[in-house]
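Subject: Structure handover

Hi,

Here is the structure for you to look through. My notes come after it.

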Amino acid sequence: MRALRRFTVRAQLPGPLAPLQTLATNLRWTWHPATRDLFASLDPDEWARCGEDPVRLLGEIPTSRLDELAADPATVATVQELAADLDAYLTGERWYQEQHAEGPDMPSAVAYFSMEFGVSEVLPNYSGGLGVLAGDHLKSASDLGVPLIAVGLLYRSGYFRQSLSLDGWQLEHYPAIDPQGLPLQLLTGQDGEPVRVDVAMPDERTLTARIWQAQVGRVPLLLLDTDIEENDGDLRGITDRLYGGDQDHRISQEILIGIGGVRAVRAYCAATGHATPEVFHTNEGHAGFLGLERIRELCTGDAGLDFDQALAAVRAGTVFTTHTPVPAGIDRFGVGLVRRYLTDRLLPGLPADRLLALGSEDDPEMFNMAHMGLRLAQRANGVSRLHGAVSRGMFGGLWSGFDADEVPIGSVTNGVHGHTWEAREITDLLGDPTPGGGRHELQVSPSDVDDATLWALRNTLRSRLVDEVRRRVRAAWLERGASTPELGWTDHVFDRDVLTVGFARRVPTYKRLTLMLRDTERLRGLLLDPNRPVQLVVAGKSHPADDGGKALIQQIVRFADDAGVRHRIVFLPDYDMSMARYLYWGCDVWLNNPLRPLEACGTSGMKSALNGGLNLSIRDGWWDELYDGANGWAIPTADGVEDPARRDDLEANALYELIATQVAPAFYDRSAGVPTRWVELVRHTLSTLRPQVQANRMVREYVEDWYVPAAAAASRVSADGYAAARDIAEYRARLNSAWTKLQVTGVDASGLPDTPVVGSPMTVRATVDLAGLDPSDVTVEAVVGRVDDTDELAEPTTMAMNHRGGEAWEAVVPLPHAGLTGYTVRVLPRHEHLASSAELGRIVLAG
Ligand SMILES: *Cc1c(COP(=O)(O)O)cnc(C)c1O
């Protein structure tokens with residue numbers, strides 16, 4: 001008989017073991033080895049069978065065993081100790097509280113919105129890097145004591161599970177989760193009733209969501225769920241899957257997370273008394289509608305602001321992070337579709353045309369979520385230095401007239417959560433990866449660890465990976481239809497002593513999964529080299545709708561199926577966090593060969609580096625800024641070669657060459673059994689990269705450079721009944737009506753010395769017709785720089801000009817450099833509440 005439905009009944013724990021409930025549901029166990037050890041010790045076999053999931057474990061352990069444990073003083077003592085430790089972690093002062101004591105301008109709460117969260121495989125709510133990054137952000141925020149409230153959706157089937165057909169084609173499965181069986185709790189109001197949030201849908205319908213709360217250490221994660229009886233059947237399915245479905249499905253999800261998400265945050269704060277957020281962080285464009293809801297709140301609530309005033313207020317407290325330099329990766333909807341959803345029922349009182357204008361782009365038929373994100377946020381950033389620069393170019397059209405490097409998009413290089421991603425042996429050897437993040441444990445410098453110890457550690461981690469590879473290869477073949485007697489060979493897949501290279505990531509085209517297959521004979525030669533063999537572990541999911549990506553996977557699988565190489569190359573299906581950690585721990589080399597500069601950051605290589613893995617990568621994303629010549633290898637990029645096939649050939653060749661001439665020799669040259677050169681690279685990686693790739697470093701940057709300024713700006717604009725928001729709106733209106741008429745009517749540098757030398761003062765004078773604006777409304781700048789035949793100014797120096805009365809402006813500029821020099825004059829908006837003079841995208845150039 002098949003059950004019609006299933007649900008999970010939680011165990012009733014005997015009194016002395018009651019704290020296990022909190023230890024199991026607070027996801028801090030995922031990065032707290034002692035707590036994991038405790039759960040494992042309750043029933044080691046069951047722990048493994050439950051996929052190391054404490055909530056499931058507690059549901060599966062027989063009552064008799066629980067009673068036995070409750071009578072065991074040692075177990076009870078450990079439970080109490082760890083419960084007390086968790087309590088201290090949750091309530092004690094951490095980095096943020098220490099900072100707070102010094103400066104009062106820290107936000108009392110920050111809301112962080114993301115379409116996916118990869119906190120742990122027990123909560124399958126992510127598809128790849130974006131989600132895992134968001135999960136790491138929450139964990140580090142928790143470790144640092146940052147008062148984050150996270151908002152996402154609870155997907156009935158998360159992302160898909162991947163398996164392979166016999167001929168290597170990706171198959172997708174969507175097992176449904178049962179929220180009751182997950183570390184989640186329904187959010188209830190002061191009245192004890194489950195909280196509901198409503199959002200209006202087209203055709204006079206209403207979508208209702210309940211809110212599940214996961215607890216990630218100190219950080220609450222609110223997940224909206226529409227699978228409830230109040231909703232019509234089709235509306236129930238809105239939170240069925242991550243990135244599945246059509247445009248209607250997708251925009252419904254995005255309206256739910258953005259608009260419903262703000263309502264959920266309000267309900268959460270009301271129910272718990274938590275401080276309300278001053279800062280809203282939009283992690284990628286999907287949740288951008290949150291800004292519209294906040295505009296609505298200010299227009300229809302007590303503040304009584306008009307649209308422009310509310311926009312100014314909302315922008316001040318909003319941070320937008322963009323994650324992709326791939327145009328196809330940007331979320332866009334048809335304008336007609338958006339118009340159908342953004343009704344007056346959904347956002348009463350907000351003019352549809354104003355809303356649509358926020359997402360406008362070159363194509364008048366399209367609504368662009370990234371553009372809306374940028375227009376709704378006073379502060380925006382990319383996720384590595386290079387990606388910041390690429391984003392400034394990519395979105396430069398929103399600031400036309402400005403040079404790309406003046407576009408106000410900064411960068412915060414991503415990081416990874418050390419306690420989650422490094423093997424405990426590394427932490428045991430070197431100490432807490434994030435001292436100062438609330439804990440102050442003894443640090444051991446990798447330079448104080450001898451070669452033999454480091455090498456033994458790497459061997460241990462590789463060996464553990466080899467076991468996991470064998471287990472997974474066997475399971476994958478059973479799933480593909482092989483029978484046990486045929487699978488003896490899987491016991492001999494991989495070798496514990498062979499140089500192990502990992503390549504695992506999603507499979508969009510730009511990541512070039514199959515670059516390694518460019519010359520299969522060459523690859524075969526590397527794998528089967530009699531003296532210096534290489535073994536390669538590959539994994540990754542293709543988006544279900546991307547047959548091109550599935551074909552790439554099939555190519556790899558077919559190559560790896562060949563009996564001649566299958567002991568040296570494997571494709572492991574169903575890449576997720578539980579597999580990923582074995583790869584990051586055990587691979588000697590982490591390979592990444594994206595088409596530069598399309599990898600915004602990439603974080604898997606960081607996780608490998610935490611464990612002493614050496615990166616072998618195109619200098620893209622984070623590797624562009626953190627490769628130092630001694631912590632791995634840079635694959636030369638043929639960036640600029642127009643023909644993609646030729647570019648692939650060149651880069652693949654460089655890759656083979658590097659492996660054969662540098663990587664493998666360093667690994668196999670031994671003295672007294674130890675590869676001293678290799679160990680030195682490992683040691684240098686641990687010394688230099690381990691501290692830099694930490695998500696704690698990233699979250700601290702977000703706090704110091706983004707959240708604190710945003711909170712300060714939000715507090716300035718809202719003071720005195722939003723006086724400054726009104727002022728900004730009035731200023732922008734004035735600017736709008738005057739700006740097209742404003743012009744620089746004359747420029748003169750007659751003050752130039754006869755024989756100019758570097759440093760000579762040059763007097764620049766200009767006359768400007770301000771078209772009715774006040775001189776204090778603008779900055780007039782002299783710009784001096786190098787020029788070539790095109791007269792394009794390079795390395796420009798700018799200097800504000802002084803108002804000399806009437807239309808006259810003047811500045812004395814010391815000549816900045818020798819050689820051909822040019823200058824011009826420009827006018828920019830000036831207002832005390834602008835974060836930069838480029839912010840409004842307004843500029844008038846002379847001439
Ligand atoms: C870290 C991680 C990713 C992201 O890796 P990239 O290098 O950014 O592609 C994807 N999936 C999982 C499971 C991860 O842990």
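This is a predicted model: local features need pLDDT of at least 70, side-chain atom pairs count only at pLDDT 80 or more; totals for chains, interfaces and linings use all residues.

Residues are numbered from 1 along each chain as its sequence is written, and side-chain values use heavy atoms, with hydrogens and water left out.

First, the parallel sheet. It is open and has six strands, in the order β17-β16-β15-β18-β19-β20. Strands (E, at least two residues) and helices (H or I, at least four) are DSSP runs, numbered from the N terminus. Two strands pair if DSSP finds at least two bridges between them. At the edges sit β17 (569-572) and β20 (632-635), each pairing on one side only. Neighbouring strands in this sheet are turned by 20° against each other on average, direction ignored. Axes here are lines fitted to C-alpha atoms, for helices over the stretch in contact, and angles run from 0 to 180 degrees between N-to-C directions.

Strands β15 (499-504) and β18 (589-592) run parallel and are joined by two bridges. Val501 stands opposite Val589 in β18. Helix α25 (644-668) packs on the sheet and touches β15, β16 (534-539), β18, β19 (614-618) and β20. Contact means heavy atoms within 4.5 Å. The direction of α25 makes about 165° with that of β20. Helix α26 (676-692) lies across β15, β18, β19 and β20, at about 80° to β19.

Next, Ser608. This residue is in helix α23 (604-610). Ser608 is buried, with a relative accessible area of 0%. Buried means under 20% (1.4 Å probe, protein chains only). Leaving aside residues up to four places away in sequence, Ser608 touches Tyr584, Cys587, Trp590, Gly613 and Leu614.

Now the antiparallel sheet. It is open, with four strands in the order β24-β23-β27-β28. Its edge strands are β24 (794-800) and β28 (844-845). Nine bridges pair β23 (778-786) with β27 (821-829). Val784 has Tyr823 in β27 as its bridge partner. Helix α27 (695-739) lies across β23, β27 and β28, running at about 130° to β27.

The structure holds eight cavities of 30 Å³ or more. The largest cavity has about 130 Å³ of space. On a 1 Å grid over the protein atoms alone, a cavity is a set of points where a 1.4 Å probe fits but cannot get out; a pocket is an open set with protein on both sides within 12 Å along at least five of seven lines; lining residues have an atom within 4 Å of a point. Grid points are joined across faces, edges and corners, and a volume is the space filled by probe spheres set on the points.

Of the 13 residues lining the largest cavity, Val473, Trp477, Arg480, Asp561 and Phe571 are the closest to its centre. This lining has 10 nonpolar, no polar and three charged residues. Ala, Val, Leu, Ile, Met, Phe, Trp, Tyr, Cys and Pro count as nonpolar, Asp, Glu, Lys and Arg as charged, and the others, Gly among them, as polar.

The second largest pocket has a volume of about 820 Å³. Helix α27 gives the most to its lining, with seven residues.

Best wishes

Definitions and conventions
Buried means under 20% relative accessible area, exposed over 50%, partly exposed in between (1.4 Å probe, protein chains only).
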